[in-house]
Amino acid sequence: MLISFIIPAYNSEKCIAQCITSIVTASVDNTIYEVIIINDGSVDTTLEICTELANKYPQIIVIDQVNVGTSCARNAGLGIARGEYIWFVDSDDCIETSILNKLMEYYQFLITNIRRFRKDEKRNFCGVVPFSGGLPCISAEDCRHQGAAD
């Protein structure tokens with residue numbers, strides 16, 4: 001699991017469905033993320049809406065708790081989150097549908113370059129890995145000189 005979305009919700013019946021839908025309808029593989037919704041003691045239909053969406057989308061987990069506030073609700077979500085990365089979303093927010101694709105492209109770019117950096121024996125850990133922009137690599141000698149100047 002790569003991303004855990006954590007959404008604390010309190011009396012959010014007017015906006016929670018749109019918030020959740022903006023995440024689950026993004027065109028990325030739904031196995032790379034989970035959506036954890038913490039119903040924080042809502043007295044409206046927030047819990048029912050969240051439960052209905054959880055029945056429709058298997059990547060949604062709903063926690064129901066007494067009202068203890070947003071911070072505690074987020075902590076409850078963190079307690080069960082399985083994602084490598086955490087993304088807090090407020091219940092009245094929506095994410096842009098293409099943002100997850102852009103995020104995944106960027107993530108893959110970083111992972112590829114980190115792996116290339118680790119596998120390339122000619123580079124040293126002080127050097128800068130050249131990206132497609134052609135950034136120069138700093139040699140170990142330059143690194144030592146920079147350290148001596150500091």
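Is Glu96 buried, partly exposed or exposed, and what is its relative accessibility? At 47% relative accessibility, Glu96 counts as partly exposed, where buried means under 20% relative accessible area, exposed over 50%, and partly exposed in between (1.4 Å probe, protein chains only).

The structure is a predicted model, in which local features need pLDDT of at least 70 and side-chain atom pairs count only at pLDDT 80 or more, while totals for chains, interfaces and linings use all residues. Residues are numbered from 1 along each chain as its sequence is written, and side-chain values use heavy atoms, with hydrogens and water left out.

The protein chain contains five helices and four strands, taken as DSSP runs numbered from the N terminus (helices H or I, at least four residues; strands E, at least two). Along the sequence these elements follow the pattern β-α-β-α-β-α-β-α-α. Of the 150 residues in the protein chain, 33% are buried. The protein chain exposes about 9,200 Å², and carbon and sulfur atoms supply 54% of this area; accessible areas come from the Shrake-Rupley method with a 1.4 Å probe, and for residues only the protein chains shown count as cover. Among contacts (heavy atoms within 4.5 Å) between residues at least 6 apart in sequence, 69% join residues at least 24 apart.

Strand β1 (residues 3-9) includes Ile7, which counts as buried at 0% relative accessibility. With neighbours within four places in sequence left aside, the contacts of Ile7 include Ile16, Cys19, Ile20 and Ile23. Val35, Ile36, Ile37 and Ile38 are also among the contacts of Ile7, as are Val89, Asp90 and Ser91. The C-alpha atoms of Ile7 and Ala73 are separated by 8.3 Å, and the two residues are 66 residues apart along the chain.

The structure holds three salt bridges, each defined as a side-chain nitrogen of Lys or Arg within 4 Å of a carboxyl oxygen of Asp or Glu. In one of them, the closest N and O atoms of Glu34 and Arg82 are 3.1 Å apart. Glu34 lies in strand β2 and Arg82 in the loop between α3 and β4, so this pair ties together parts that are 48 residues apart in sequence. Glu34 counts as buried, at 1% relative accessibility, whereas Arg82 counts as exposed, at 55%. A salt bridge also joins Asp90 to Arg74, with the closest N and O atoms 2.8 Å apart. Asp90 lies in the loop between β4 and α4 and Arg74 in helix α3, so the pair ties together parts that are 16 residues apart in sequence. Asp90 is partly exposed at 31% relative accessibility, and Arg74 is partly exposed with a relative accessible area of 25%. Lys102 forms a salt bridge with Glu96, the closest N and O atoms lying 3.7 Å apart; Lys102 is partly exposed at 46% relative accessibility.

Asp40, in strand β2 (residues 33-40), is buried yet has no salt bridge. The nearest side chain of opposite charge to Asp40 is that of Arg74, 10 Å away; Lys and Arg count as positive and Asp and Glu as negative, with His and the chain ends not counted. A polar atom of the Asp40 side chain lies 3.0 Å from the backbone nitrogen of Val68. Beyond neighbours within four places in sequence, the contacts of Asp40 include Ala9, Tyr10, Gln65, Asn67 and Ala73.

Thr46 lies in helix α2 (residues 46-56) and is buried, with a relative accessible area of 0%. The side chains of Thr46 and Asp44 are joined by a polar contact of 2.6 Å, a term for a pair of N or O atoms within 3.5 Å; within protein, one must be able to donate a hydrogen and the other to accept it, and residues adjacent in sequence count only if both atoms are side-chain atoms. The backbone nitrogen of Ser12 lies 2.7 Å from a polar atom of the Thr46 side chain. Residues touched by Thr46, not counting those up to four places away in sequence, include Ala9, Asn11, Glu13, Ile16 and Asn39.

Asp93 is located in the loop between β4 (85-88) and α4 (99-119) and counts as partly exposed at 35% relative accessibility. The C-alpha atoms of Asp93 and Ser22 are separated by 9.0 Å, with the residues 71 apart along the chain.
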